[in-house]
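I opened this notebook to record what I looked up in the structure. The entries follow in the order in which I made them.

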Amino acid sequence: ATQRTFYEEVGGAETFRKLTARFYEEVAADEVLRPLYPEEDLGPAERRLRMFLEQYWGGPRTYSDERGHPRLRMRHHPFRVGPIERDAWLRCMHIAIASIDAETLDDAHRRALVDYMEMAANSMMNSPV
Ligand code: HEM
C-alpha cells in the first residue's frame with residue numbers, strides 16, 4: 001500500500017511555498033527578527049527554511065543534498081535566540097500557518113504543524129534572555 005506523506009497530504013510544494021513566503025513577509029517587517037538576518041535579501045533564507053520543512057515533513061530531500069545534516073541548533077549559534085526572538089519567530093509562523101486555507105490544511109494537520117513549530121522554536125533557544 002502506498003503511504004501518503006504529511007507533505008503530500010497538505011498539498012506539497014505549493015503549500016510550503018505559501019507558508020514560507022508568508023512567514024518571511026512577516027520577518028521582513030519584524031523589528032526583533034529582521035536585524036538578525038545577515039543578508040539584505042531574505043530570499044535565500046526563505047528557500048533554506050522551505051527546503052528544510054519540506055524534507056522534515058516527508059517531501060524532497062533537497063535541503064540535505066545542498067546543506068548536509070540540518071544541525072539546526074548549531075546553525076543558530078551565531079544568533080541570540082532568547083524568549084523575545086522565539087516569541088517573534090512564532091508570531092510570524094502562526095500568521096503564516098493561519099494564512100493556509102482550511103481545505104488545504106485541516107484541523108489535525110494544522111495542529112500537528114503548530115505543535116511542531118512551537119516545539120522546534122523552544123528547542124532553538126540558546127539564551128535565557
Ligand atoms: C536559519 C533565526 C527558529 C529553521 C536562520 C537564520 C536566522 C534564524 C537569523 C539565518 C538566516 C539564513 O538562513 O541565512 C531564527 C530565530 C528563531 C529560529 C530567531 C527563533 C526561535 C527556527 C526554527 C526552525 C528554523 C524553529 C525550524 C523549524 C532554520 C533553517 C535555517 C535557519 C532551516 C537555515 C539553516 C542553514 O541551512 O543554514 N534562522 N530561527 N529556525 N533557520 Fe532559524
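Is the crossing of α6 and α7 left-handed or right-handed? I found the crossing of α6 and α7 to be right-handed; a crossing is left-handed if the near helix is turned anticlockwise from the far one by less than a right angle, and right-handed if clockwise.

**Basis of the entries.** I note that this is a predicted model, in which local features need pLDDT of at least 70, side-chain atom pairs count only at pLDDT 80 or more, and totals for chains, interfaces and linings use all residues. Residues are numbered from 1 along each chain as its sequence is written, and side-chain values use heavy atoms, with hydrogens and water left out.

**α6 and α7.** I looked up the axes of α6 and helix α7 (residues 107–123), which come within 10 Å and cross at roughly 165 degrees. Axes are lines fitted to C-alpha atoms, for helices over the stretch in contact, and angles run from 0 to 180 degrees between N-to-C directions. Helices (H or I, at least four residues) are DSSP runs, numbered from the N terminus. α6 is therefore roughly antiparallel to α7; angles under 35 degrees count as roughly parallel, over 145 as roughly antiparallel, 65 to 115 as roughly perpendicular and the rest as oblique.

**α2 and α6.** I then turned to helix α2 (residues 12–28), whose axis comes within 8 Å of that of α6, crossing at roughly 140 degrees. The two are therefore oblique to each other. α2 passes α6 in a right-handed crossing. On the α2 side, the contact (heavy atoms within 4.5 Å) is made by Leu19, Arg22, Phe23, Glu26 and Val27. The residues of α6 in this contact include Trp89, Cys92 and Ile95.

Which protein residue is the donor to the iron atom of the ligand? I found a single donor from the protein, His76 (NE2), 2.0 Å away; donors are N, O and S atoms within 2.8 Å of the metal (3.2 Å for Na, K and Ca), and water is not among the atoms, so sites may look incomplete. Histidine 76 lies in the loop between α5 (72–75) and α6 (83–98).

**Helix α3.** I looked up two residues here. Glutamine 55 lies in helix α3 (residues 43–56) and counts as buried at 10% relative accessibility. Arginine 50, also in helix α3, is partly exposed, with a relative accessible area of 23%. Buried means under 20% relative accessible area, exposed over 50%, partly exposed in between (1.4 Å probe, protein chains only). Leaving aside neighbours within four places in sequence, arginine 50 is in contact with Phe16, Arg17 and Thr20.
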